[in-house]
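Me: Please go through a few local features of this model with me, one question at a time.

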Amino acid sequence: MTQAIPVSGGSHSACQGGGRRLLILNWRDTDHPYGGGSEVYAEHVADGLARIGHDVTLFTARYPGSVARETRPSGVTVVRAGGPLGVYVQAWWQHLCGRLGRPEVIVEAQNGMPFLARLWARRIPVIVLVHHVHRRQWRIVFGPLRARIGWWLESRAAPRINRGAPYVTVSDVSRRELVELGVAEDDIEVIHNGTGEPQPIELPKSEHPSLLVLGRLVPHKRVEIAIDTVAALRQEMPDLRLSIAGRGWWETQLRDYAERIGVSDGVDFAGFVSPEERHALYSRSWVSLVPSVKEGWGLVVVEAGAHGVPSVAFDGAGGVTESIINGRTGLIARADDVSDFIAQTRRLVIDHGLRDRQGAEAAVEAKRYSWDQAVQAFDALVRQVAANVSASRS
């Protein structure tokens, strides 16, 4: 069985030998209005690989205000075309037209919907990057017919088309789920998310109890549960506040929901936040809430932990059961049990000693994860895949 890549801190070494030409396919980038953790991962890996000598092209979707082509400070070439679904067809078309360079290796990020690059780039090895298996998200986001088609593509078509290809995922939970879909366990490598060092923002914790949800505002993130938490605890803690940082098409529904249950005056919608604002929110918050249906890893858990903030999430919600060490760096509520989620949040809010102890352990745990190590692991995998192809053709 392939073991998870260690993720202790430290800088990666310089790229040994000549770099490779890489094409990374990811449906969005971090500037996309609906960009999230998977986009952060893709860009950190792309930037890191470019900085150590690889020639990297990142292909992603267009969105209002975006440009079709640009170069990131790291040297990564970004090419954008297509919309939410058109991006998958455009990946094939742009490659066919030679607009994506002449890649030696393709990294296909499968965010539910696969690019199926193996069908249109037959002589180029493909690494499949899967953060988590979507399952329930299909039904939450789409209607019954589109959900069935999406689930069939993810669970049946993609594993067959990609049989024998190397896979990367970000948690052992996701690795087990991929094995359940028929992906060979030996083909899967776990490369965790990294986390940056906290910014030097010396802000005291807020004087009032402060909860934080940070991420995309879409239905499967279940931010309503965080709002319900405020409603449930407000009688006991009238000064309790919730900050919701992020953007997404579900924001209007969330604002309406907070208004409807009478807690809108205790819920702050921060919208899209800069890195500095993000760090300030973490540093002032007491507890980070992750009520999502599923997370591949839970980048926000480790980011919060880096600021000494423990998190609360649900059992059965994917990688958060790994990024949170239950009882040490945060608390895990029973699967889909909203009352238990509220109770676990209450424990951390009212018990200052427990919160401080878990926050301190979360800060120590966060130091285990670095983007340098993730880039090192990807560099090694890319070189191995390219070498295998060269050997097979010689």
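Me: In which sense do strand β9 and β10 pair?
Reply: The model is predicted, with local features needing pLDDT of at least 70 and side-chain atom pairs counting only at pLDDT 80 or more, while totals for chains, interfaces and linings use all residues. Residues are numbered from 1 along each chain as its sequence is written, and side-chain values use heavy atoms, without hydrogens and water. Strands (E, at least two residues) and helices (H or I, at least four) are DSSP runs numbered from the N terminus, and two strands pair if DSSP finds at least two bridges between them. Strand β9 (residues 210-214) and β10 are joined by five bridges, and the sense is parallel.

Me: Which residue of β10 is the bridge partner of Leu212?
Reply: The chain runs from β9 through helix α7 (residues 223-233) to β10 in a right-handed β-α-β crossover, meaning a clockwise path from the first strand over the helix to the second when the strands point away from the viewer. Within β10, the partner of Leu212 is Ser243.

Me: Is Leu116 buried or exposed?
Reply: Leu116, found in the loop between β5 (105-109) and α3 (117-120), has a positive phi of about 55 degrees although it is not a glycine. Buried means under 20% relative accessible area, exposed over 50%, and partly exposed in between (1.4 Å probe, protein chains only). Because its relative accessibility is 15%, Leu116 counts as buried.
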